[in-house]
Amino acid sequence: MKLLSLRVLIPLVAVALLLVWWLRPHYSDEDKAYYAAVFCSVNKASSGAPLSQMEQVIEGGNTDYALQKTHFSPSLAKAVIHAWGQLSEEEKQRARQNPAACAPLLTAAMQR
């Protein structure tokens, strides 16, 4: 009886872990870099709500005739904003002063 329960329990746990991994969002490095660059441009321009401003920039970049439209991912945008919050004040200041260093710095922070 105990052997039968292990034969059933182990595959069920394996399937559950696979399902959790499958449903977890996976973002490409290109998407992360794009959202980091959008955040840097939005963050430099104003001090409003970056999430809604990022959505406006990303969704507003779609043309009416585009075959593949870029859809805004709130979870990826929140991950970028969280990565910005994890940076030290010195790194934030360096990113504000040098816009070319902002996106790579955020992308590297998201990999941590």
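Contact here means heavy atoms within 4.5 Å, and helices (H or I, at least four residues) are DSSP runs numbered from the N terminus. With that in hand, P50, L51 and M54 in α3 meet P74, A77, K78 and I81 in α4. This is a predicted model, where local features need pLDDT of at least 70, side-chain atom pairs count only at pLDDT 80 or more, and totals for chains, interfaces and linings use all residues. Residues are numbered from 1 along each chain as its sequence is written, and side-chain values use heavy atoms, leaving out hydrogens and water.

**α3 and α4**
- The axes of α3 (residues 50-60) and α4 come within 10 Å and cross at roughly 130°; axes are lines fitted to C-alpha atoms, for helices over the stretch in contact, and angles run from 0 to 180 degrees between N-to-C directions.
- That makes α3 oblique to α4 (angles under 35 degrees count as roughly parallel, over 145 as roughly antiparallel, 65 to 115 as roughly perpendicular and the rest as oblique).
- The residues in this contact split into 6 nonpolar, no polar and 1 charged, with Ala, Val, Leu, Ile, Met, Phe, Trp, Tyr, Cys and Pro taken as nonpolar, Asp, Glu, Lys and Arg as charged, and the others, Gly among them, as polar.

**α6 and its partners**
- α4 and α6 cross at roughly 100°, their axes coming within 9 Å, and are therefore roughly perpendicular to each other.
- On the α4 side, L76, A79, V80, A83 and W84 meet C102, L106, A109 and M110 in α6; by class, that contact has 9 nonpolar, no polar and no charged residues.
- α5 (residues 89-97) packs with α6 at an angle of about 135°, with the axes 5 Å apart, so the two are oblique to each other.

**The largest pocket**
- A pocket is found on a 1 Å grid over the protein atoms alone, with a 1.4 Å probe, as an open set with protein on both sides within 12 Å along at least five of seven lines; lining residues have an atom within 4 Å of a point.
- The largest pocket has a volume of about 250 Å³, volume being the space filled by probe spheres set on the points.
- Its lining includes R24, H26, Y27, K32, H82 and Q86, and by class counts 7 nonpolar, 3 polar and 2 charged residues.
- α4 (74-86) and α6 (99-111) each supply at least two lining residues, and α4 gives the most, with 5.
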